[in-house]
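Please open the structure in your viewer and keep the selection tool at hand. The stops below say what to select next and what is to be found there.

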Amino acid sequence: MSAIISVQNVSKSYWRDSLEIPVLNNISIEVQEGDFLALMGPSGSGKTTLLNLIAGIDKPSKGNVIVAGTDISKLGESALAKWRANSVGFIFQFYNLIPVLTAFENVELPLLLTKLSKSQRKKQVETALTLVGLGERMYHYPKQLSGGQEQRVAIARAIVTDPVILVADEPTGDLDKNSASEILTLMERLNSEFKKTIIMVTHDPHAAEKAKQIRHLEKGDLV
Amino acid sequence: MKIPFKYTLKNFGSRKLTTGITLIGISLVVFVFAAILMMAYGVQKTLIATGSKENVIVIRKAANGEISSLVEGEVQDVIRTLPNIATNSDGKQMISNEPVVIINLEREKGGMSNVTVRGVGQVIQELRPQVKIIEGRMFNFGVKELIAGRSINERFKGAKIGDIVKFAGDDWKIVGTFDSGGSGFDSEMWGDADQLLSSFNRGNTVSSVTLRLDNMSNWESFKRAFDVDKRLKQHEPKIEQKFFEEQSEAMATFIRILGIFITIIFSFGAIIGAMITMYAAVANRTVEIGTLRALGFKRRSILFAFMAESLLISVIGWLVGIILASLLSFFKVSTLNFGSFSELEFSFALEPSIIVSSLIFAVVMGILGGFLPAVRAARLNIVKALRAA
């Protein structure tokens, strides 16, 4: 296995007025292709910030983030947006579905950024929704779905472009025990069966157990 | 690729109250804007319809309109000698020497207003064939009889057939009502020119001379003959339609300037309304914006999506406003015409340029109202936007 993600000497601070708040301190970590990594740690430890840096929605103050050979810390705004569209699948704690769009339309969104034809998009959306077990609910709106189902739509949206990595921020944080378990089983399957590299931030030790590797962060340092 | 239009469309319907109020605001501004342009165009259309392309009118050069124009008897005689004036089947020259005076009549709805009384010559029905008697009969020449235009008949007391109108110390009997097809003549009363001149002690000095040329292709040669005659240097001939078009200009311009000034002030309210709605839309959808950006949609896609939403509101507002305004075409109003100092009845009239200019006006409101909120949406930091959950 080769490292698909390489975080090299990354530091990140935020500024509040003139006060610098360090969040990550000179972190280096590698994730192998096909790995399922759980990032754990107390609130404010910097785990979500690290995830955001890997996913290319935030930029490090220092250091480099290399994903599948691309140093994303050096990409400009527009190139980074294009990179995210091609390379990252996002799974959020609160699903972040667009309420006015159906499950089908939500899953189709990332494909609108590709050159696929309408019929090709339809085929891929249907495949993704069927894979997460929602083939029958394609034309339901988010409010017509349960939390677990909404998260499954979000997972379908994350995998529909066949991205290089999947990033999940507390994917079970808003779900009951049974739904959480279903989601984790689905993620485990994406990792084992479809060889997806997954980085998951979680508070939940049960969720972390499903990962192949667990790393802890505390006050901005990997421990 | 852009964010799909259905996203814009579906969001448009998702906050019905705020969107609805903004839409009403924009449609009202469009309504007022279009109504004023329709009013100005209505005045122009009515006055342009008054004049004929086939007739020539002679007035004094310095005069703003017929009411301030004087054409003396000697001048009338010189005009008769000019070439190319048509004659009717009886061999009479088609010339009508017309005194125009203003009298005061009481309106049906109360209050007094000015009414134009025009004295006309014997060939008038051939000179202005669009004028038709719709009730009663034509006045007789040589007696103090009048016919009233349709709108005078409807809007003024004592302007019905059989009524007596008193002016210049004489009693004038109304014997008929005429219709000139919605032109300015509908707001006039007509009688024998000679009778009117004697009542007002004006000798033989009329306000204008209207005549028909044998062929309008001879207009230039007629005008040359007119211009070279030194006895006519105080006067000028104009094609009748052009003359009435010029008469409408002052009033139409006044309505337009005043109206556009008022609507621009109104539009500030509508723009602020649209801006508040769009700022609220951005605030409500911060997480969505963050999500779309995380998925790879670029800043400009977000900008276009929100601009599209604002434009959609303004275009629908325009549609509602212009439909409401078009209903005004069924209404007639009357006002004092600056050109003749008397009442002029006209309809609101819609024309393609009003539809286009009001659309442009609505789109500008949409752009101004939507731009800052859309820029804000596009500039949101992804991480902060996602944290707004």
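Begin by selecting B:Glu345 in this predicted model, and then show the residues that it touches beyond its neighbours within four places in sequence, which are B:Thr46, B:Arg150, B:Ser151, B:Glu154, B:Arg155, B:Ser187, B:Lys332, B:Val333 and B:Ser334. B:Glu345 itself lies in strand β13 of chain B, which covers residues 342–347. Is B:Glu345 buried or exposed? With a relative accessible area of 9%, B:Glu345 is buried, because buried means under 20%.

Next, colour chain A and chain B separately and turn to the interface where they meet. Chain B brings 23 residues to this contact and chain A brings 27 residues, and the area buried between the two chains is about 2,300 Å², with carbon and sulfur atoms giving 66% of it. Across the interface there are nine residue pairs in polar contact, both residues of each pair being at pLDDT 80 or more. On the side of chain B that touches chain A, the elements giving two or more residues are α1 (5–12), α9 (286–295) and α12 (382–387) of chain B, and α9(B) gives the most, with seven residues.

Four salt bridges are found across the interface of chain B and chain A. To look at a salt bridge between the chains, select B:Lys6 and A:Glu105, whose closest N and O atoms are 3.5 Å apart; this pair runs from helix α1 of chain B to helix α3 (residues 103–108) of chain A. B:Lys6 counts as partly exposed, at 32% relative accessibility, whereas A:Glu105 counts as buried, at 12%.

Over all chains, the whole structure holds 33 salt bridges. In chain A, select A:Arg189 and A:Glu193, whose side chains meet in a salt bridge at 3.0 Å, N to O; A:Arg189 counts as partly exposed at 32% relative accessibility, and A:Glu193 counts as partly exposed at 47%.

For the last stop, show the surface of chain B and select B:Phe261, which sits in helix α8 (residues 240–284) and is exposed, with a relative accessible area of 54%. B:Phe261 belongs to a nonpolar surface patch that also includes B:Phe254, B:Leu258, B:Ile272 and B:Phe338, and the residues of the patch have about 1,100 Å² of accessible area together.

How values were computed
Residues are numbered from 1 along each chain as its sequence is written. Chains are lettered from A and ligands numbered from 1 in the order in which they are written. This is a predicted model: local features need pLDDT of at least 70, side-chain atom pairs count only at pLDDT 80 or more; totals for chains, interfaces and linings use all residues. Side-chain values use heavy atoms; hydrogens and water are left out. Patches are made of residues with over 30% relative accessible area and no salt bridge: like charges are joined within 9 Å, nonpolar side chains (Val, Leu, Ile, Met, Phe, Trp, Tyr) within 5 Å. Accessible areas come from the Shrake-Rupley method with a 1.4 Å probe; for residues, only the protein chains shown count as cover. Helices (H or I, at least four residues) and strands (E, at least two) are DSSP runs, numbered from the N terminus. Buried means under 20% relative accessible area, exposed over 50%, partly exposed in between (1.4 Å probe, protein chains only). Contact means heavy atoms within 4.5 Å. Buried area is the accessible area (1.4 Å probe) that two parts lose on being put together, summed over both. A polar contact is a pair of N or O atoms within 3.5 Å; within protein, one must be able to donate a hydrogen and the other to accept it, and residues adjacent in sequence count only if both atoms are side-chain atoms.
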